[in-house]
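Here are a few exercises to work through with the model open in your viewer. Try each task before you read its solution.

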Amino acid sequence: MNIAVIRETFNKQFGAPGAVFASPGRVNLIGEHTDYNMGFVLPGAIDKCMVLELKPNGTNKCRVHSVDMKQSGEFVIGQAEPPVSLSAGKENAWILFFYGVVEEMRKRGKTIEGFDCVFGGDIPLGGGLSSSAALECAIGFALNETYALGFDRYELARIGQLTEHNYVGVKCGIMDQFASLFGQAGHVIKLDCRSLTFDVVPFDPKGYRVVLINTMVKHALGTEYNERVAQCAAGVAAVKTKHPEVQSLRDVTEAMLNEVKAICDPLSFQRSMFVIQENNRLLTACEALKKGDYKTFGAKVYGSHEGLSKDYGVSCEELDFLVEQAVKYDALGARMMGGGFGGCTINFIEEGKYEAFIGNATAAYEKQYRITPLVYPVVISNGTARVE
Ligand code: GLA
């Protein structure tokens, strides 16, 4: 992201400069839809960020301008009603991220005063790379520094997640915010979403490149995502009738789920089985990665896509098409990434086949759907920081 553009816009709108912060998007190697089931995920921060400049303005008003959307929004600290209503449409809905983070911080007893802010970024919106989480983390980090609020990165991740739950209406897990805040260059994070303990795993797949292809089918997580969350909860409720100690699908084995097949509705059963298997795939893939066994890792990545598509029902025709293209170029692994219903595939491609794969896969996609897909080579990068 071009910081100069943010600075210039801030100067025009608000005058004297503030501090600048950046928070990255993320990839997830494997472990999808496991985070809100208290399982494991394997994300890393990427070299695409949301950037914001922020400065207190001595009033009780927050005035915000989006460079990319060329829109402005504002609210008064402590106003009871959100500044825009989600049901009224998406226009200016991004101001809810600011309002939500401020409110979540106020709930935790902190005092925040009015500020001016300009933001923008190069994370494609609705591309499954967590532009929303990156924005929440940038806002949280900036306010924490500016007003010396004393939150640690764990609390900032939770504040971002609860902003989604309480103000945006998506009952998401904690993966995206965690990856954005805790990212480390050259490493992926094996995060236990129950305890929030994590290992960093060096990620250097020698001889392979990691590349994302954006279907340009925009996903907006909402009803369908929350439906999956509810179906998993129904799976847990069914298992609890036999195993009352169970708290989440993390505690459930395939055998335990099979025991309650008769009393579990078929779709909840199918979704829950996927989550149990996906968590196991992640554990195997992660061990393989540590040993440099990319073949096993890649097989699990393909397995993840198949499960996400057939059992979890969060893929789409365009994503499946791009994964098939990767198979043709003997990709080590390929799958849809993130919440699903559009967005990007992540592909692990041998160096020597990279150019041919990109050229042919994008041409085939364009021919089939009359849409030009975008290609992003991935660099695993550091997490949220003040940059100027
Ligand atoms: C979205 C959510 C995450 C996670 C993924 C699927 O990115 O925000 O919490 O559930 O989908 O793994």
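**Exercise 1.** Decide whether tyrosine 208 is buried or partly exposed in this predicted model.

*Solution.* Start with where it sits: tyrosine 208 belongs to strand β9, residues 208-214. Next, take its relative accessibility, which is 21%. The buried class is for values under 20%, and exposed means over 50%. Tyrosine 208 therefore counts as partly exposed. While you're there, check phenylalanine 348: it is 140 residues away from tyrosine 208 along the chain, yet their C-alpha atoms are separated by 6.2 Å.

**Exercise 2.** Work out the strand order of the open sheet, and say which strands are at its edges.

*Solution.* Walk across the sheet and you'll pass 6 strands in the order β5-β4-β6-β3-β1-β13, with mixed pairing. The edges are β5 (71-76) and β13 (385-386), each of which pairs on one side only.

**Exercise 3.** Strand β6 has a partner in β3 and another in β4; find the sense of each pairing and some of the residues that face each other.

*Solution.* A reminder first: strands in a sheet pair through backbone hydrogen bonds, either parallel or antiparallel.

- Take β3 (residues 43-56): this strand runs antiparallel to β6, and 7 bridges join the two. Leucine 52 is found opposite phenylalanine 119 of β6.
- Then take β4 (residues 61-66): here the pairing with β6 is parallel, over 4 bridges. Serine 66 has phenylalanine 119 as its bridge partner in β6, while histidine 65 stands opposite valine 118.

**Exercise 4.** Why can strand β6 be called largely enclosed by the rest of the structure?

*Solution.* Look at the side chains by direction. Phe115, Cys117, Phe119 and Gly121 point one way from β6, and Asp116, Val118 and Gly120 point the other way; all of them are buried. That makes 7 of the 7 residues in β6 (residues 115-121) buried, so the strand is largely enclosed by the rest of the structure.

**Exercise 5.** Describe the surroundings of the ligand, beginning with the residues closest to it.

*Solution.* Go from the site to the atoms.

1. The ligand takes up the space of the largest pocket.
2. Around the ligand there are 13 residues, the closest being Glu32, His33, Asp35, Asp176 and Tyr225.
3. One is 2.7 Å from a polar backbone atom of histidine 33. The side chain of arginine 26 has an N or O atom 3.1 Å from a ligand oxygen, and glycine 339 brings a backbone N or O atom to 3.3 Å from one.
4. Taken alone, the ligand exposes 310 Å², and the protein buries 95% of that.

**Exercise 6.** Where does glutamate 32 lie, and which side chain does its own side chain contact?

*Solution.* Glutamate 32 is in the loop between β1 (19-28) and β2 (40-41). With a relative accessible area of 1%, glutamate 32 is buried. Its side chain makes a polar contact of 2.8 Å with the side chain of arginine 335.

Technical notes
Residues are numbered from 1 along each chain as its sequence is written. This is a predicted model: local features need pLDDT of at least 70, side-chain atom pairs count only at pLDDT 80 or more; totals for chains, interfaces and linings use all residues. Side-chain values use heavy atoms; hydrogens and water are left out. Buried means under 20% relative accessible area, exposed over 50%, partly exposed in between (1.4 Å probe, protein chains only). Two strands pair if DSSP finds at least two bridges between them. A residue is near a molecule or strand if one of its heavy atoms lies within 4 Å of it. A polar contact is a pair of N or O atoms within 3.5 Å; within protein, one must be able to donate a hydrogen and the other to accept it, and residues adjacent in sequence count only if both atoms are side-chain atoms. Accessible areas come from the Shrake-Rupley method with a 1.4 Å probe; for residues, only the protein chains shown count as cover. On a 1 Å grid over the protein atoms alone, a cavity is a set of points where a 1.4 Å probe fits but cannot get out, and a pocket is an open set with protein on both sides within 12 Å along at least five of seven lines; lining residues have an atom within 4 Å of a point. A molecule sits in a cavity or pocket if more than half of its atoms lie within 2 Å of its grid points.
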